[in-house]
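Hello,

Here is the structure I promised to send over. Have a look at it first, and then read on for what turned up.

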Amino acid sequence: MTKPFPYKLYLVISQEACCGRDMLWVAEQAVKGGVDLVQIREKNKSYPDFLESSLRLKEILDRYRVPLIVNDNPLVAVNCNAYGVHVGNSDLPPSEIKKKWPDCNMTGYSVEYLEQLSGTEIQFADYLGVSPVFSTPTKTDTVTEWGLEGIAKIKSITDKPLVAIGGINETNAQEVIQAGADCLAVVSAICAADNPTIAAQTLRNLIETA
């Protein structure tokens, strides 16, 4: 049975994405604007640094009751008491996460090929990351650019909640929701915005009215 997934606007954040500003400040401003789920993605930090950043971010998010998801590092996720973990096609599979971390509240799984939808790992995921919808400079290791048609196709195959990510901004947010996404995930549309609160508010309003 698919778990409820009430989230609408998902921030994927790293220190690098924040353009020299404090990541914790950007995250808090974004949450004030309507972000209701946050993932920390630090591909280049050491384990101690990643853990420290995650602990500090979680402390802020807890004040707003916004869950923290950790990208591709179940050890960091467990040790900062995160809500869940997100993995890609070449990371530790969702089935292994459920075995090693039975108390994990949420496991996200990136979909890069249609074949994944008929594989066994899908059943262990609580939501699917459709990645990327549009090509983007923040993610250079991707295989498929799904487009709006890809979202609609995946929606027709699975009942898992779909989180769309990749090149999403205020010019295309409503189209992506209308194509079948349940939630929008963004990086630069908020992290690089002059005012992350207003950027988040704008996106959230577009989602709610799509």
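**Around helix α5**

Among the elements that cover the buried residues of α5 are β5 (106-111), β6 (127-130), β7 (162-165) and α6 (173-179). Please keep in mind as you read that this is a predicted model.

Which residues of α5 are the buried ones? In this helix, which runs over residues 147-157, they are Gly147, Gly150, Ile151 and Ile154. They sit on the same side of α5, because they cover an arc of only 105 degrees around the axis. Exposed residues Glu149 and Ser156 are carried on the face of α5 turned away from that buried side.

**The annotated binding site**

An unreviewed UniProt entry lists Gln39, Ile40, Arg41, Glu42, Lys43, Asn71, Ser110 and Lys139 under "binding site". Arg41 belongs to the loop between β2 (37-40) and α2 (47-64), and Lys43 is in the loop between β2 and α2 as well. With a relative accessible area of 16%, Arg41 counts as buried because the cut-off is under 20%.

What does Lys43 touch beyond its neighbours within four places in sequence? Its contacts there are Asn71 and Asp72. With Asn71 there is also a polar contact, side chain to side chain, at 3.1 Å.

**Ser95 in helix α4**

One more residue for you: Ser95 is part of helix α4 (residues 94-100). Ser95 is buried, its relative accessible area being 13%. Setting aside neighbours within four places in sequence, Ser95 is in contact with Glu121 and Phe124.

Notes: Residues numbered from 1 in each chain as written. Predicted model: local features only at pLDDT ≥ 70, side-chain atom pairs only at ≥ 80, totals over all residues. Heavy atoms only, no water. Helix = DSSP H or I, 4+ residues; strand = E, 2+ residues; numbered from the N terminus. Buried < 20%, exposed > 50% of the residue type's maximum accessible area, 1.4 Å probe, protein only. Contact = heavy atoms within 4.5 Å. UniProt positions renumbered as here; feature names shortened; annotations may be inferred. Polar contact = N/O pair within 3.5 Å; in protein donor to acceptor, adjacent residues only side chain to side chain. Arc of directions from axis to C-beta.
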